[in-house]
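I set out to record what I looked up in this model, entry by entry.

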Amino acid sequence: MEENTVNRFKNSLPAAALMIGAAVTPAYGAIVTDSLTFNWDANTATAATDWQSTSPASDTAGTWGTTGTDPVLSAVISSTSITQAYTFDGIGAVSSPSVLGTNQFSSIAPDASFELWVKPTDLTGGEMLFETGGNGRGLSIALNGSDVVVLMKQAGSSDPSEAVLTQTLSSGDIDDFIQIVVTTDGAASHALYVNSVDEVNPSVVSASSAVTFGDFGGTNIASLGGNSQGGGTQSGAGDIDNDATYGDYSGQIGLIRIYDDVLTASELADNFNATVPEPSSLAVALAGAGYILMRRRKN
């Protein structure tokens, strides 16, 4: 290689390095803050026993207490922006946001969105991720084997399986944190999204699915990572089928956001991209760096 060519190549390295350095620093978007009522972000949590809702939510008073040994706040390795999460070992459940009493989510109905970022240990058995409500009405988000299951029930209903939404996961889906979003509205139009960048819509597997909510409060406390009353009974929508199908959760939860409105497809994607960086940015930058090197070498 001629001396001038070598010098040009050397001079091109700083620019290429800058491009590569910028590429490996993930660029995350901003979450949707309009109508955000509760925001539990484990990245900002400092206590192993109390998980407090923080800004930019409009209501920052909610704090999840603990039951038994769950959950444990620990650092995690993830390709997402989640750097620490609460780990559940399948024993016990977190009680309701302690300062909000038994009707903590009554103010957000009927239009609401529930967003969870979770990393299950496996896809076996029935595990409750989140539930709120009493025997008369409520909503639960659970895992039943490889299925994400959303159970809904409204007050005064004679059908114990009012609305059930399902979406099937694969083992590859839980290699890292996944986004689960449930949206509901007063027109009984409900949806379940998994990693909403794909806008995955579920099937409604219940014959009578026209559930309208008066509220999500109910008479029982909410729970996270298990049934608040234990054993799958007396746990809001978790006892829709009057059995113990859904027990305690084994895995991690890094984010919970609850909105008092229905998130649009664009907003769901915004929240997804705020946690998962664009996968193409590194490839584009590396290609650009290679192009610079090739051009300068030719010259």
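The entries below follow that order.

**Entry 1. Conventions.** I worked from a predicted model, in which local features need pLDDT of at least 70 and side-chain atom pairs count only at pLDDT 80 or more, while totals for chains, interfaces and linings use all residues. I numbered residues from 1 along each chain as its sequence is written, and side-chain values use heavy atoms, with hydrogens and water left out.

**Entry 2. Confidence.** I looked up pLDDT, the predictor's confidence in each residue, from 0 to 100. The protein chain averages 75, and 63% of the residues score at least 70. I compared its elements, taking helices (H or I, at least four residues) and strands (E, at least two) as DSSP runs numbered from the N terminus. Over residues 280–295 the pLDDT is below 50, and I noted 16 contacts in the model beyond near neighbours in sequence; a contact means heavy atoms within 4.5 Å. Residues 12–23 also stay under 50, with 15 contacts beyond four places in sequence. Where pLDDT is low, the predicted coordinates should not be read in detail.

**Entry 3. Strand pairing.** I counted two strands as paired if DSSP finds at least two bridges between them. Strand β6 pairs antiparallel with β11 (residues 178–184) over seven bridges, where A112 has T184 as its bridge partner. Strand β5 (residues 84–89) pairs antiparallel with β4 (residues 72–75) over four bridges, with Q84 in β5 as the partner of A75.

Entry 4. I asked why strand β6 can be called largely enclosed by the rest of the structure. Eight of the nine residues of β6 (residues 112–120) are buried, so the description applies. Buried means under 20% relative accessible area, exposed over 50%, and partly exposed in between (1.4 Å probe, protein chains only).

**Entry 5. Nonpolar cores.** I took a core as a set of buried Ala, Val, Leu, Ile, Met, Phe, Trp, Tyr and Cys residues joined through side-chain atoms within 4.5 Å. The largest has 42 residues, and W51 and F130 have the most contacts inside it. Strand β6 supplies the largest share of this core, four residues. A second, separate core has nine residues, among them L36, A191, Y193 and L263.
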